[in-house]
Amino acid sequence: MTRYSRSELKRLARAALLGNYTVLILAMLTASAIVPMLLLPFSIGLTAELNFSMVTYLIAAVIVKVLGRLLSVGVMRMHLLLAQEQQISYMDLFWAVRNQPDRFIAVTFLFVAVLCILAVPAIAVILCLPESAAGYLLLAVVLVLLAAIALFLLYVFEVFYLYYMEHTQATVAQGLRAALALMRGHTKRLFVLQLSFVGWQMLGVCSMGIGMLWIQPYINQTIVNFYLDLTGSLEKKGMHVDASVEGEFPLG
């Protein structure tokens with residue numbers, strides 16, 4: 001199966017984003033703002049002490065963050081539709097809320113649970129760490145290893161969500177197996193692809209975050225193209241654009 005290069009994936013992303021930035025930015029801002037807005041009433045009078053207010057806030061934070069994740073899925077769904085040359089609207093933001101949200105909630109909790117499990121050996125090493133050069137070296141090795149595992153799982157779950165969007169009848173187990181199969185042998189490729197956006201992200205930070213309103217959709221669209229490339233959908237759908245189509249980003 002032919003694999004698209006990074007520059008080709010980005011070129012396709014820029015072509016898909018043309019004329020669609022406004023609705024994507026509005027959806028992204030909504031998804032980003034709803035969590036702090038809904039948590040604001042629970043944070044009033046909050047202290048560092050473990051009391052009823054703190055427990056209420058923590059419970060509310062979990063619920064609201066899961067809701068925020070559903071909206072993030074909606075944003076990625078919009079990018080998936082664009083990659084498939086379909087029209088999008090602001091209401092697509094709420095797609096996951098309307099379409100079996102329990103599946104996406106289960107996946108989210110599963111991902112959090114796996115990360116918590118990974119944290120156990122790190123905490124154990126820190127607590128039992130001998131204060132010596134060998135001890136600090138062991139800690140560094142463990143942390144690097146766990147970070148690599150966590151990064152791989154993050155990639156798998158990113159593909160997991162996208163697979164779910166296309167296969168609405170799939171179970172969690174089926175989605176996980178499919179995501180693992182798709183990512184097998186492609187972890188380094190996705191890592192390098194994401195690394196290639198570091199310059200853009202630095203530019204976004206230097207613009208006080210304003211530039212990220214355009215940069216983040218560019219990144220999201222490219223990641224979705226990467227997923228479709230793994231499934232062979234880019235080739236099947238003939239999603240090619242002329243090399244002269246550079247969109248609103250002059251750099252690759």
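1. The chain holds eleven helices and zero strands, where helices (H or I, at least four residues) and strands (E, at least two) are DSSP runs numbered from the N terminus. Read from that end, the elements run α-α-α-α-α-α-α-α-α-α-α. This is a predicted model, in which local features need pLDDT of at least 70 and side-chain atom pairs count only at pLDDT 80 or more, while totals for chains, interfaces and linings use all residues. Residues are numbered from 1 along each chain as its sequence is written, and side-chain values use heavy atoms, with hydrogens and water left out.

2. On the chain as a whole, 40% of the 252 residues are buried, a class that means under 20% relative accessible area, with exposed meaning over 50% and partly exposed lying in between (1.4 Å probe, protein chains only). The chain exposes about 13,600 Å², and carbon and sulfur atoms supply 70% of that area; the accessible areas come from the Shrake-Rupley method with a 1.4 Å probe, and for residues only the protein chains shown count as cover. If contacts (heavy atoms within 4.5 Å) are taken between residues at least 6 apart in sequence, 76% of them join residues at least 24 apart.

3. The largest nonpolar core has 67 residues, of which Phe-104, Met-165, Met-183 and Tyr-227 touch the most other members. Helix α6 (residues 133-166) gives the most to this core, with 14 residues. Such a core is a set of buried Ala, Val, Leu, Ile, Met, Phe, Trp, Tyr and Cys residues joined through side-chain atoms within 4.5 Å. A second, separate core of five residues includes Val-35, Leu-39, Ala-61 and Val-64.

4. Phe-104 deserves a look of its own: leaving aside neighbours within four places in sequence, Phe-104 is in contact with Leu-70, Val-73, Trp-95, Ala-96, Asn-99, Tyr-161 and Tyr-164.

5. On the surface, Val-55, Ile-59, Val-62, Ile-63 and Phe-109 form a nonpolar patch with about 450 Å² of accessible area together. Patches are made of residues with over 30% relative accessible area and no salt bridge, like charges being joined within 9 Å and nonpolar side chains (Val, Leu, Ile, Met, Phe, Trp, Tyr) within 5 Å; a salt bridge is a side-chain nitrogen of Lys or Arg within 4 Å of a carboxyl oxygen of Asp or Glu. Helix α3 (residues 52-83) gives the most to the patch, with four residues. Val-55 is found in helix α3 and is partly exposed, at a relative accessible area of 39%.

6. Lys-65 also has its place in helix α3, and is exposed with a relative accessible area of 52%. Lys-65 and Pro-36 are 29 residues apart in sequence, yet 9.2 Å apart in space, C-alpha to C-alpha.

7. The loop between α3 and α4 (95-98) contains Gln-84, which counts as buried at 15% relative accessibility. The side chains of Gln-84 and Glu-166 are joined by a polar contact of 2.8 Å, a term for a pair of N or O atoms within 3.5 Å; within protein, one must be able to donate a hydrogen and the other to accept it, and residues adjacent in sequence count only if both atoms are side-chain atoms.

8. Backbone angles are the last point. Most residues other than glycine have a negative phi. Glu-85, in the loop between α3 and α4, has a positive phi near 60 degrees and counts as exposed at 60% relative accessibility. Met-208, found in the loop between α9 (198-206) and α10 (212-231), likewise has a positive phi near 60 degrees, and counts as exposed at 76% relative accessibility.
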